[in-house]
Amino acid sequence: MLNVSRLQVRYGGITAVRDLSIRVDEGETVLLVGANGAGKSSLINAVIGLVPASGGSISLKGADIHGLSCERRARHGIGYSPEGRHVFPLMSVRDNVLCGGFRLSGAQQRASYDWLASLFPMLAERAAQPAGQLSGGQQQIVAIARAMSSRPALLLLDEPFLGLAPVWIEQISRAVRQFQAQGATILMTEQMAVPALKLATRAYVMRGGIVTREGSPAEIREAALSNEYL
Ligand SMILES: Nc1ncnc2c1ncn2[C@@H]1O[C@H](COP(=O)(O)OP(=O)(O)OP(=O)(O)O)[C@@H](O)[C@H]1O
Ligand SMILES: [Mg+2]
């Protein structure tokens with residue numbers, strides 16, 4: 001589904017991602033774990049097109065998406081939930097979620113909202129409320145639902161558990177599992193590696209802009225037990 005090959009991301013003199021290659025196959029949930037500043041968000045943002053790649057290639061379903069705008073990449077089937085949520089605070093919960101499905105018809109948007117409300121009951125209860133009034137966990141759900149509302153071929157989740165209480169981590173995990181049961185393909189980053197590894201089918205460890213290890217969730221959990229990225 002996604003092939004990232006020898007990717008470089010630079011900010012001025014800082015190289016955040018160097019010569020990095022990863023892949024996400026259809027139906028997989030791939031986790032990127034790594035400490036602060038490892039380059040996880042830079043990689044995700046290069047995939048959706050928010051930061052330019054200064055080298056390497058990115059392809060989705062075999063098509064090179066490297067030069068495309070964010071919007072074109074979304075139209076190609078990528079959904080993106082950013083680190084730090086970034087919901088539109090004055091817009092209602094419903095409108096926040098629906099704007100992620102901008103390429104759908106009105107009927108498809110309604111069906112999509114009903115589907116998302118079955119995964120996240122909060123969306124039905126709070127549909128008319130401005131998203132800025134919600135708790136952090138609820139805003140994270142809105143951001144994830146917005147990313148899922150177009151039923152993307154590839155869902156990018158950047159730190160979906162950041163700063164959340166266990167009750168929200170559990171609720172989001174349950175919804176991700178239901179999406180996985182419908183065949184979802186997901187690339188996620190997380191410092192909270194323990195709950196994220198429970199969702200992953202494969203994981204990469206990143207440090208200093210490179211991949212230092214790849215393996216099954218069990219292998220990564222075991223290898224990382226004594227390390228700072230758990
Ligand atoms: N906009 C930017 N301008 C300059 N440097 C940046 C920028 N964004 C990230 N960096 C630097 O790039 C490196 C990788 O950062 P990145 O945010 O990708 O890491 P991360 O693994 O997502 O970290 P975190 O776990 O804190 O989210 C860090 O050294 C960071 O300081
Ligand atoms: Mg990050």
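A residue is called buried when its relative accessible area is under 20%, exposed when that value is over 50%, and partly exposed in between. In this predicted model, Glu83 has a relative accessibility of 33%, so Glu83 counts as partly exposed.

Ser41 belongs to helix α1 (residues 40-48), while Glu83 sits in the loop between β6 (78-81) and α3 (93-99), so the pair ties together parts that are 42 residues apart in sequence.

The strand β6 leads on to the sheet. Strands of a sheet pair through backbone hydrogen bonds, and they do this in either a parallel or an antiparallel way. Here, 6 strands form an open sheet with mixed pairing, in the order β6-β7-β8-β3-β9-β10. At the edges are β6 and β10 (210-215), each of which pairs on one side only. On average, neighbouring strands of this sheet are turned by 20° against each other, direction ignored.

One of these pairings can be followed in detail. Strand β9 (residues 202-207) and β10 run antiparallel and are joined by 5 bridges. Across from Ala203 stands Gly215 in β10.

Helix α7 (residues 166-181) lies across β3, β7 and β8, and runs at about 155° to β8.

Terms used:
Residues are numbered from 1 along each chain as its sequence is written. Chains are lettered from A and ligands numbered from 1 in the order in which they are written. This is a predicted model: local features need pLDDT of at least 70, side-chain atom pairs count only at pLDDT 80 or more; totals for chains, interfaces and linings use all residues. Side-chain values use heavy atoms; hydrogens and water are left out. Helices (H or I, at least four residues) and strands (E, at least two) are DSSP runs, numbered from the N terminus. Buried means under 20% relative accessible area, exposed over 50%, partly exposed in between (1.4 Å probe, protein chains only). Two strands pair if DSSP finds at least two bridges between them. Axes are lines fitted to C-alpha atoms, for helices over the stretch in contact, and angles run from 0 to 180 degrees between N-to-C directions. Contact means heavy atoms within 4.5 Å.
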